[in-house]
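User: I am new to this structure and would like to go through it step by step. Could you take my questions one at a time?

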Amino acid sequence: IVFKLKMQKEFKLNFLFYLMAFLPISIIIGSSFSLLNIFLIIVLFIIFHFSQKETEVQNRYVLNFFIFLYIYLLINTFLGIDFENSYLRNFGFVRFIILFFAINYFFIMFLKFNNLLNIWLVIISIVTFDCFYEVIFGSNIFGWGEFEDASKQGQRLVSFFKDEPIVGSYLFSFFLILSGYILETNFKNKQIYFTLFFLLMLLIILLSGERSNFLKAIIASCIFLFVSKDISKKYIIKLILFLSVLFVIVFNTNSYLSDKYSYLFKFFSIEKNKVELKKNIYFELYKSGYLVFLDHKLFGVGQKNYGKYASIKDVELKKANNTTISFLIISTHPHQIYIEFLSEHGILGTIILLGLFFYIFYKMIRIIISSRNNIQIGCFCYLVSYFIPVLPSGSFFSDFNATLFWVNFSIFFAVSKKTNFFKLK
């Protein structure tokens, strides 16, 4: 009987391992597969946790963080302009909370979690190779690429995402986790592996054409390099010089990227600043989000309701022939995290959300100072990059972005026994 129970436990743990290993692939396949994979991870975790009872909770401040965050999101559902548009996203956020528990549980129970990160490293390396293939041949190994809808995507890479130019944000989300992992391993010549991986990842994020994610990756990478205990200042200087030369070569040989980034630098010209801002779609989106906020200052229009309210308000303004107020930009979200918070959560909600996140970031900084774990440093740098002002961003609570964010958040706590949400009894 003891042997049978041991075999059942090992089978469940191995099944959980394969579901975790499949997570990066499920994100590529699509939101439905990603949701299904997360659901299976959650179900298996619940069955495993409550049947085995081998762990207990530590670091309860993380639990308090999630409790307050979820209670706030539930309240926001009832304060918005459209309950039906908000409730699925807000109520459904509980899956990321349980996913956090599941990932932490897996790392504390599965001692060889390095195997998981090795598989993720292989998956991300394959996607990176596919991106370089697309750069060279104009389409990825399956024939998907820019030629399918050049008018819509320009020259942005799509890789295995087929018709969505989001591969840069996808690679960025795993980039620093795996960079930190390489430094934490006992690989022979690991610094060579780290350098090669680090350079190729930054280069392909640049070539992806996702300007905001590249800028975030550069800022996050600089923080990572300077905080890591395993990287000398001399090495950092050499790496920065090499990257600078590499980027200059890319900009001089790629007219699309050269034009895209030269447009960005025009904002530093004071004389042309106002003219250029008026032509910029992101500035118009920010302004539109701000106008929505002005109409609902305290509580916002509610989660996921920016687009709906903008559509309604835009029609009203056009019917009234109101020329004193700019018509609103119709979009799913205003493409900037602070504007998104203000428009959908109001000033009170924004204070609550930022207060919760800055509190947990403060706790995370204290952990990094004491542990200097490179994987934790990588996760933290990625998470902080989400809150860089001005730069455009995807919707914070959307399935794709939220999955990438909370996976990094979960890995941060899970990789160390001291910070893991659970401890063995």
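Predicted model: local features only at pLDDT ≥ 70, side-chain atom pairs only at ≥ 80, totals over all residues.

Analyst: Residues are numbered from 1 along each chain as its sequence is written, and side-chain values use heavy atoms, with hydrogens and water left out.

User: How far apart are the end C-alpha atoms of α17?

Analyst: Helices are DSSP runs of H or I with at least four residues, numbered from the N terminus. The expected span is 1.5 Å times one less than the number of residues, so the twelve residues of α17 should span 16 Å, and this agrees with the separation of its end C-alpha atoms, 17 Å.

User: How many of the residues of α17 are buried?

Analyst: Buried means under 20% relative accessible area, exposed over 50%, and partly exposed in between, with a 1.4 Å probe and protein chains only. Among the buried residues of α17 are F380 and Y382, and the helix is mostly covered, the number buried out of its twelve residues being eleven.

User: Is S398 buried or exposed?

Analyst: S398 sits in the loop between α17 (374–385) and α18 (399–414). Because its relative accessible area is 14%, S398 counts as buried.

User: Which helix holds I351, and is this residue buried or exposed?

Analyst: The helix that holds I351 is α16. Since its relative accessibility is 53%, I351 counts as exposed.

How values were computed: Helix = DSSP H or I, 4+ residues; strand = E, 2+ residues; numbered from the N terminus.
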